Amino acid sequence: MMKTTLSLVALFFCSLLAAQSTWTADKAHSKIGFEVTHLLISSVDGNFDEFDISATAGDTFMNPSFDVTINTASIDTDNEKRDGHLKSADFFDAEAHPTITFKSKSVEKTGDTTFDLTGDLTMRGVTKTVTLKGKVNGVITDQRSQKLKAGLKLTGTLDRTEYGVGEASAAIGNEVDLVINLEMAQQ
């Protein structure tokens with residue numbers, strides 16, 4: 001009886017693993033964006049243009065595991081002078097720290113289409129655990145590729161000074177709001 005029960009448990013977990021597949025970001029329809037307060041009265045937004053995002057998830061994309069690498073020097077705030085300063089040692093130090101990474105550790109379902117994604121974010125050589133709010137906007141079959149595509153949004157807030165990205169300043173807010181819109185393609 002014990003042998004049968006263990007076999008059934010093993011079969012159950014193997015079927016869960018088999019239901020998972022690899023997904024990659026469709027870069028033409030994805031954006032890693034951020035927003036930070038300037039002079040306490042306005043906001044400046046920007047994004048990173050170069051990134052690689054892969055995930056492991058099932059067909060509903062509700063239990064994802066992410067691995068993200070961002071090219072730090074691809075920061076774009078629509079102002080070349082500001083972008084150059086952000087790439088410098090005063091902020092991201094893109095030459096010494098060419099990538100920003102995120103590796104998820106856990107996911108907790110919070111609703112029918114929502115989840116909390118917790119993982120390690122590394123910037124400027126500093127790693128901190130962060131939790132992002134996730135929402136799956138939908139999953140469809142792409143008519144051209146006949147493969148599944150998932151649309152989702154991830155949001156969160158972090159303190160840039162905890163990563164050594166600039167110093168505390170009245171001119172620039174410490175809190176950075178992340179808004180990440182993804183279109184993931186099942187492989």
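1. Let's start with the inside. The largest nonpolar core has 41 residues, and the ones with the most contacts inside it are Ile53, Phe61, Phe66, Phe92 and Met184. A nonpolar core here is a set of buried Ala, Val, Leu, Ile, Met, Phe, Trp, Tyr and Cys residues joined through side-chain atoms within 4.5 Å. Buried means under 20% relative accessible area, exposed over 50%, and partly exposed in between, with a 1.4 Å probe and protein chains only.

2. Before going on, the ground rules: this is a predicted model, where local features need pLDDT of at least 70, side-chain atom pairs count only at pLDDT 80 or more, and totals for chains, interfaces and linings use all residues. Residues are numbered from 1 along each chain as its sequence is written, and side-chain values use heavy atoms, with hydrogens and water left out.

3. On confidence (pLDDT is the predictor's confidence in each residue, from 0 to 100), the protein chain averages 92, and 90% of the residues score at least 70. Watch residues 4-18, though: pLDDT is below 50 there, and the stretch has zero contacts in the model beyond near neighbours in sequence. Contact means heavy atoms within 4.5 Å.

4. The protein chain has two helices and 11 strands, in the order α-β-β-β-β-β-β-α-β-β-β-β-β. These are DSSP runs numbered from the N terminus, with helices being H or I of at least four residues and strands E of at least two. Of the 187 residues, 37% count as buried.

5. Now the largest pocket, with about 710 Å³ of space. Phe34, Phe48, Ile75, Phe92 and Val176 are the closest to its centre among 34 lining residues. The lining splits into 28 nonpolar, four polar and two charged residues. For the terms, a pocket is an open set of points on a 1 Å grid over the protein atoms alone, where a 1.4 Å probe fits, with protein on both sides within 12 Å along at least five of seven lines; lining residues have an atom within 4 Å of a point.

6. Leaving out residues up to four places away in sequence, Phe92 touches Phe48, Thr72, Ile75, Leu86, Lys87, His97, Ile100, Met123, Arg124 and Val165.

7. Val107 is found in strand β7 (residues 99-109) and, neighbours within four places aside, is in contact with Asn63, Pro64, Phe115, Asp116 and Leu117.

Technical notes. Grid points are joined across faces, edges and corners, and a volume is the space filled by probe spheres set on the points. Ala, Val, Leu, Ile, Met, Phe, Trp, Tyr, Cys and Pro count as nonpolar, Asp, Glu, Lys and Arg as charged, and the others, Gly among them, as polar.
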